[in-house]
Amino acid sequence: MKEMETRLAKLAKGGDRRAFAELVELYKDKIYHLAYRMLHNAQEAEDVVQETFLKLYANLHRFDESQKFSTWIYRIGTNLCIDRLRKRKANYSLDADVSEGDGNDWHTMLASDGRTPEEELLLSETQRLIRRAIDALPEKYRSAVILRYLHDLSLQEIGEILDMPVTTVKTRVHRGREYLRRRLEKESLL
Amino acid sequence: MNCKEAIPLMHDYLDGELKAAQMALLKEHLLACLACRKHFQQLERAGALLGAMPRVAAPDSLTDRIMQSLPAPPKRSAWKTWIRRHPAATAAAVFMAVMLSSFATMWSSDNELTVKGSDLDQVVIRGNTVYVPPGSTVKGNLIVENGKIQVDGNIEGNLVVIDGSYVLASTAKISGQVTKINQAFEWLWYKMNDFWSRLSR
C-alpha cells in the first residue's frame, strides 16, 4: 500500500494526472471523514478535501520519497481543519455554552445546519451522543483523538502529522479519552 | 501500585505503548481494585464507541471536481517540442524569417519615388514622374522605383523600373537594357541578385 502511494506520487510529480486522480480516489474519503468529524459540516469538509488536494498538487515537487505519503496528506488536511476551527473562533465569539451542562456551544448548533452525509442520517441515538461528545472535545484534544480512534493511527504517526513530540500527543490522547469517558458516563453510555 | 499510578498505564495500554513488565503490574492492580477496573472498562468502551462511528464518505463527484480545479499542467506546446527535436531546421527557419522580414520591411518602406543613377543632373522630376528631356544624355544606369519615367533623350546605360511604368519617346535612345520589375517576388529576386553581385564584387 505504502509503495503504491509513493509510486503514484512519483508519477504525479512527473505530471501524470491519472496517477494523481488515483491518489484522490484513495484518500478523498479518509480526508473527508477526518474533516467532517473535525468540523461537523458537510460543505466545509468538502472544501477541506478539495483544498488538501490542491495544496498537495502544488507541493508535489517537494514530495520526499522517504516520507510516508499518508503522513504528508493527513498533515495538510489536519492543518486546514485546525485553521478553519480557529477562523470560526475568530469570526464569532460563540464559545460560550448555550445551555449549561449540555456542553453544546454555538458551533455545534451552527454546524448541524446544512447538508448531511447519508451515513449521518442513519446514526443511532448512541452514535448521536458520541458525535456530540466529539464536537464538544476541546480543539487540541479533538484532532489527536480523531486521528487515534477514527483513523487508527499510532501516536508516533499522529506526532508527525501534528508536528509535535509524541509525549505531547500522548498527553492529548489521554486527556481527550478521559474527557470522553466522563461525558459518556454522564450520558449513561458506559 | 496505587490507583493514581494505574491510570496512565491504562492509557498507555490502550495506545499499545505498555511494556510487558508494566502490563503485569497493571493487571495485578486491576484484579485487586474494583474502581480502577471500572475506570479501565469505561475508557476502553469509550474508545470502542468512538472507533465504531460510521465512516462518512465524500460525494462521488468530488474526484472530478478536484481534478478539474487543478491548475493546467505546464504543457509544452507542439512547436516547442518540434524545436527541441530539430535544432538545425529551427536555426534555418529563424535565419529565413529574419531575412524575409528585413526584405519585407525594405519593400514596404519603398513607397516613395526613388531615383538612382550616376548622372542625375540630366533628369527632371515632377511629382512622381521622372523625365529625361529631349536632347539630354544620362551617362550610366538609371533606376526608378515607385514612379513613372518618360524618356525623350538618351540613356547611355541600363534603365530599371521597379513598381512603375515607363514611356519611351521616339527620340529616346537607350544603349543598355530596359528592365521592368513589378511583382514583389521579382523585386526580391532582383534585390538578392543585387545583394550577391555586390558581395561578389
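Guide: Val161(B) stands opposite Lys180(B) in strand E11 of chain B. Please bear in mind throughout that this is a predicted model.

Strand E5, residues 142–145 of chain B, pairs with E8(B) in the parallel sense, over 4 bridges. Here Ile143(B) has Val160(B) as its bridge partner in E8(B). In general, the strands of a sheet pair through backbone hydrogen bonds, in either a parallel or an antiparallel manner.

Which way do the residues of E8(B) point? Leu159(B) and Val161(B) point one way, Val160(B) and Ile162(B) point the other way, and all of them are buried.

These pairings form part of an open sheet of 4 strands in chain B, in the order E1-E5-E8-E11, with mixed pairing. Why is one side of E1(B) and of E11(B) left without a neighbour in the sheet? Strand E1 (114–117) and strand E11 (178–181) of chain B stand at the edges, and each has a single partner strand, so one side of each has no neighbour there. From one strand to the next, the twist of this sheet averages 10°.

Chain B holds another open sheet of 4 strands, in the order E2-E3-E6-E9, and its pairing is mixed too. Its edges are strand E2 (124–126) and strand E9 (165–168) of chain B; each has a single partner strand, so one side of each lacks a neighbour in the sheet. The twist here averages 20° from one strand to the next. Within this sheet, E2(B) pairs with strand E3, residues 129–132 of chain B, in the antiparallel sense over 3 bridges. Arg126(B) has Thr129(B) as its bridge partner in E3(B).

Let us now step back to the whole of chain B. The chain has 7 helices and 11 strands. Buried residues make up 16% of its 201 residues, and the four residues of E8(B) named above, Leu159(B), Val160(B), Val161(B) and Ile162(B), are buried. Of the contacts in chain B between residues at least 6 apart in sequence, 22% join residues at least 24 apart.

Chain B also meets chain A. In that meeting, 34 residues of chain A are in contact with 27 residues of chain B. On the chain A side, the elements that give two or more residues include helix H2 (17–39), helix H3 (42–58) and helix H10 (166–186). H2(A) gives the most, with 9 residues. By class, this side of chain A has 18 nonpolar, 5 polar and 11 charged residues.

One residue shows the meeting of the chains in detail. Asp15(B) has its place in the loop between helix H1 (3–14) and helix H2 (20–32) of chain B. Beyond its neighbours within four places in sequence, Asp15(B) is in contact with Leu155(A), Lys170(A) and Val173(A). Is Asp15(B) buried or partly exposed? Asp15(B) counts as partly exposed, because 18 other C-beta atoms lie within 10 Å, whereas a buried residue needs 20 or more.

Val173(A) leads us into H10(A), where it is one of the buried residues, among them also Val169(A), Leu180(A) and Leu184(A). The cover over the buried residues of H10(A) includes H7, H8 and helix H9 (155–162) of chain A, together with H1 and helix H3 (34–51) of chain B. H10(A) has 21 residues and reaches 30 Å from its first C-alpha to its last, close to the 30 Å expected at 1.5 Å a residue.

After H10(A) comes Ser188(A), whose phi is positive, near 55°. With 7 C-beta neighbours inside 10 Å, Ser188(A) counts as exposed. His40(A) also has a positive phi, near 50°, in a residue other than glycine. His40(A) lies in the loop between H2 and H3 of chain A, and counts as buried because it has 21 C-beta neighbours inside 10 Å.

Definitions and conventions
Residues are numbered from 1 along each chain as its sequence is written. Chains are lettered from A and ligands numbered from 1 in the order in which they are written. This is a predicted model: local features need pLDDT of at least 70, side-chain atom pairs count only at pLDDT 80 or more; totals for chains, interfaces and linings use all residues. Two residues are in contact if their C-beta atoms, placed from the backbone, lie within 7 Å. Ala, Val, Leu, Ile, Met, Phe, Trp, Tyr, Cys and Pro count as nonpolar, Asp, Glu, Lys and Arg as charged, and the others, Gly among them, as polar. Two strands pair if DSSP finds at least two bridges between them. Axes are lines fitted to C-alpha atoms, for helices over the stretch in contact, and angles run from 0 to 180 degrees between N-to-C directions. A residue is buried if 20 or more other C-beta atoms lie within 10 Å of its own, exposed if 12 or fewer, and partly exposed in between; C-beta atoms are placed from the backbone. The expected span of a helix is 1.5 Å times one less than its number of residues.
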